[in-house]
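The points are grouped by topic.

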Amino acid sequence: MFRFAQGFAKSDRIALVNHLILKRNYTSYLEIGVRNKADMHNKIIATRRVSVDPDPRADADFCMTSNLYFSSQNERFDIIFIDGLHEGEQVRQDLENSLSALNEGGIILLHDLNPPTEFHARKTYEVDGKFPAWNGTSWEGYVWHRKHSPDLSMCVVDTDWGVGIVERGCQKNW
């Protein structure tokens with residue numbers, strides 16, 4: 001248990017999102033790859049919550065790919081959470097598109113950046129007809145921006161399989 005702005009909670013992506021919403025007075029939230037919209041609406045405390053997922057079972061606000069969403073919408077957000085396709089190139093694109101949709105002073109979080117094993121970081125989700133735990137190559141899109149985007153401040157919190165935090169600013173090398 002850790003102390004967050006909203007009180008004591010288990011350290012995970014939801015706790016981080018809500019902490020940032022409260023600490024920075026954010027009101028608008030976009031989630032890419034929602035999987036379950038009802039779960040997001042029950043846990044995220046932002047007043048404006050938008051979800052994007054191409055799977056109709058997710059019941060997302062926008063049932064489409066993130067690329068199509070960003071090319072057809074122009075709403076801006078305070079905080080954006082990327083947990084979509086889990087492929088490095090798509091995560092790179094989602095991060096670029098999210099930067100364009102981010103309000104001044106906003107922040108982007110990305111999930112699945114610390115795969116616990118090489119197996120978790122495999123390129124394909126399906127293995128022998130089954131779908132075991134998978135982080136994919138999400139980390140590759142993050143690393144690309146870490147290398148090529150000097151105008152971003154980026155770090156990864158070692159919780160919930162790695163939650164990246166990205167905002168505009170200079171990278172600090174500790």
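In the largest nonpolar core, which has 22 residues, the members that touch the most other members are Leu30, Tyr69, Ile80, Leu95, Ile108, Leu110 and Val166. Two or more residues of this core come from each of strand E3 (28-32), strand E4 (48-52), helix H3 (66-72), strand E5 (77-82), H4, strand E6 (102-111) and strand E7 (152-157). Another core, of 21 residues, lies apart from it and includes Val17, Ala60, Phe81 and Ile165. The model is predicted.

**Contacts of Ile108**

- Ile108 is one of the residues that touch the most other members of the largest core.
- Leaving aside residues up to four places away in sequence, Ile108 touches Ile80, Ile82, Leu95, Ser98, Leu99, Leu102, Gly164, Ile165 and Val166.
- Among these contacts, Ile80, Leu95 and Val166 are also listed with Ile108 for touching the most other members of the largest core.

**Ser98 in helix H4**

- Ser98 belongs to helix H4, which spans residues 88-100.
- The relative accessibility of Ser98 is 0%, and the residue therefore counts as buried.
- Beyond residues up to four places away in sequence, the contacts of Ser98 are Phe70, Ile80, Ile82 and Ile108.

**Aromatic pairs**

- Four aromatic pairs are found in a search of the whole structure.
- One of them joins Phe62 and Tyr69 in an edge-to-face arrangement, with 5.0 Å centre to centre and 65° between the planes.
- Tyr69 also forms an edge-to-face pair with Phe70, at 5.4 Å centre to centre and with 75° between the planes.
- Through ring pairs, Phe62, Tyr69 and Phe70 are linked into a cluster.
- Tyr69 counts as buried because its relative accessibility is 1%.
- Phe70, with a relative accessibility of 13%, also counts as buried, because the cut-off is under 20%.
- Tyr69 connects this topic with the largest nonpolar core, where it is among the residues that touch the most other members.
- Phe70, in turn, is one of the contacts of Ser98.

**Charged groups over rings**

- Arg92 is placed over the face of Trp144, 4.9 Å from the ring centre.
- Arg122 has its charged end over the ring of Phe119, at 4.2 Å from the centre of that ring.

Technical notes:
Residues are numbered from 1 along each chain as its sequence is written. This is a predicted model: local features need pLDDT of at least 70, side-chain atom pairs count only at pLDDT 80 or more; totals for chains, interfaces and linings use all residues. Side-chain values use heavy atoms; hydrogens and water are left out. Helices (H or I, at least four residues) and strands (E, at least two) are DSSP runs, numbered from the N terminus. Buried means under 20% relative accessible area, exposed over 50%, partly exposed in between (1.4 Å probe, protein chains only). Contact means heavy atoms within 4.5 Å. Rings of Phe, Tyr and Trp (its six-membered ring) pair if their centres lie within 6.5 Å; planes under 30 degrees apart count as stacked, over 60 as edge-to-face and the rest as tilted. A charge sits over a ring if NZ of Lys or CZ of Arg is within 6 Å of the ring centre and within 35 degrees of the ring normal. A nonpolar core is a set of buried Ala, Val, Leu, Ile, Met, Phe, Trp, Tyr and Cys residues joined through side-chain atoms within 4.5 Å.
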